[in-house]
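User: I would like to learn how to read helix packing in a model. Where do we begin?

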Amino acid sequence: MNVRIMVRYGELSTKGKNKKSFTQRLAQNVRHILQDFEQIKVNPDYDFMYITLNGAPEEVVLERLKHVFGIQSYSPIYTVEKSLEAMFQQIYALLSNMDLSDKTFKISTKRADHEFDMDTNTLNRELGAMVLDAFPQLTVKVKQPDINIKVEVRKHAVYISTQTYIGAGGLPVGTGGRGMMMLSGGIDSPVASYLALKRGLELEMVHFYSPPYTSPQSLRKTQELTKKLALYGGAIQFIEVPFTEIQETIKEKCPEAYLMTITRRFMLRVADAIRQKRDGLVILNGESMGQVASQTLHSMVVINEVTNTPILRPVVAMDKLDIIALAEKIDTFELSIQPFEDCCTVFAPPSPKTKPNLEKVRVYEERLDVDALVKRAVDGIKVYPIDVQTRFDEDVEDLL
């Protein structure tokens with residue numbers, strides 16, 4: 001049985017002259033998530049994309065496609081010869097695998113081949129009668145039936161489909177430019193990453209790692225979160241930033257109440273330097289307005305002062321409960337709440353400034369060799385790709 005998946009583009013249809021580049025990138029992303037099935041062929045057309053399975057497992061392919069941004073919906077299409085009996089046999093095989101209790105159906109025929117000896121009304125009537133004879137538990141319903149059996153008669157064959165799956169929507173990852181996501185390992189930044197990926201951004205995950213104050217488990221947690229997010233956009237570059245020296249130096253030379261503010265300013269400087277080095281356009285983070293001391297508007301203004309690079313905050317106006325709900329939907333919540341410390345909790349003061357004074361911050365930072373500290377951190381980064389196939393070498397106990 002020759003099975004193809006027809007993919008509908010949704011928002012991509014509005015892209016006009018740029019539509020081809022978007023559909024080509026979507027095809028590239030689809031090939032990547034199906035790369036372990038070498039026999040699959042992906043053919044992007046102007047209005048639809050067709051995926052020919054060539055024996056690849058249909059259920060596995062359908063499951064993977066639901067996470068790919070840029071896909072509005074998709075349907076398995078079965079090709080049969082141009083005879084009434086062949087059409088019915090295929091419909092019979094498809095319906096036999098469904099729960100038909102209290103279900104309604106209709107036949108929707110399109111006839112591109114006008115030389116075929118039956119018109120659409122005749123096909124609808126004949127096939128509908130055959131289905132009712134074979135499945136008496138079904139009833140006909142013309143408007144919004146439970147099962148819409150689509151039959152398309154073309155020059156060389158007939159295409160039949162009975163199911164439409166809803167895709168992830170959005171834009172293909174990689175069509176919106178590259179951004180550096182400051183991934184902490186908490187609940188918010190993975191959700192922010194998901195929302196940015198959905199708008200077509202290619203993300204590189206910047207994670208600040210401060211051994212011995214942060215553990216191998218905390219690093220593994222962010223790696224595993226990145227792996228979950230790779231489900232939506234293919235391989236993601238993970239950037240491990242050595243941050244111990246910077247945090248120890250700030251702790252030694254700056255007032256306790258300003259530790260968080262100055263630490264976040266250094267994180268932003270390092271992320272911006274990495275962005276320049278790796279041709280990124282923006283910096284992103286998981287800040288939500290007013291959630292913690294460093295995320296008040298006053299703190300954001302003081303922290304942002306170190307760069308002119310645009311900083312995107314996809315969850316900035318979201319309620320915490322809404323963020324948690326989305327984290328549960330994308331399966332990052334249970335991993336995010338694992339109790340492993342990250343850089344943001346290291347040396348966290350009991351009473352951080354919520355309205356830090358910029359002039360005081362500048363005075364305190366004069367005690368530090370800012371440029372040298374940032375340079376050593378950037379020179380020490382480790383960069384490696386993570387995707388859904390990634391297997392990490394060492395075992396880390398007690399992670400999930």
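Analyst: Begin with the angle classes. Angles of 65 to 115 degrees count as roughly perpendicular, and under 35 as roughly parallel. Keep in mind that this is a predicted model.

User: At what angle do helix 8 and helix 12 cross?

Analyst: At roughly 75°, with the axes coming within 11 Å. Helix 8 and helix 12 are therefore roughly perpendicular.

User: Which residues make that contact?

Analyst: Helix 8 brings T261, I262, R265, F266 and R269. Helix 12 brings L358, V361, Y364 and E365. By class, that is five nonpolar, one polar and three charged residues.

User: Why does spacing along a helix matter for such lists?

Analyst: An α-helix has 3.6 residues a turn, so residues three or four places apart point the same way.

User: Is helix 8 largely enclosed or open to the outside?

Analyst: Largely enclosed by the rest of the structure, because 16 of its 19 residues are buried. Helix 8 runs over residues 259-277 and reaches 27 Å from first C-alpha to last, close to the 27 Å expected. Just after helix 8, D279 has a positive phi of about 60°.

User: How do helix 3 and helix 4 pack?

Analyst: Helix 3 (residues 84-95) and helix 4 (residues 120-134) have axes 10 Å apart, at an angle of about 45°. That makes helix 3 oblique to helix 4. The crossing is right-handed.

User: Which residues meet there?

Analyst: From helix 3, L84, E85, M87, F88, I91, Y92 and L95. From helix 4, L123, E126, L127, M130, V131 and A134. This contact has eleven nonpolar, no polar and two charged residues.

Methods:
Residues numbered from 1 in each chain as written. Predicted model: local features only at pLDDT ≥ 70, side-chain atom pairs only at ≥ 80, totals over all residues. Heavy atoms only, no water. Axes fitted to C-alpha atoms, helices over the stretch in contact; angles between N-to-C directions. Helix = DSSP H or I, 4+ residues; strand = E, 2+ residues; numbered from the N terminus. Parallel < 35°, antiparallel > 145°, perpendicular 65-115°, else oblique. Left-handed = near helix turned anticlockwise from the far one by under 90°. Contact = heavy atoms within 4.5 Å. Nonpolar A, V, L, I, M, F, W, Y, C, P; charged D, E, K, R; others polar. Expected span 1.5 Å × (residues − 1). Buried < 20%, exposed > 50% of the residue type's maximum accessible area, 1.4 Å probe, protein only.
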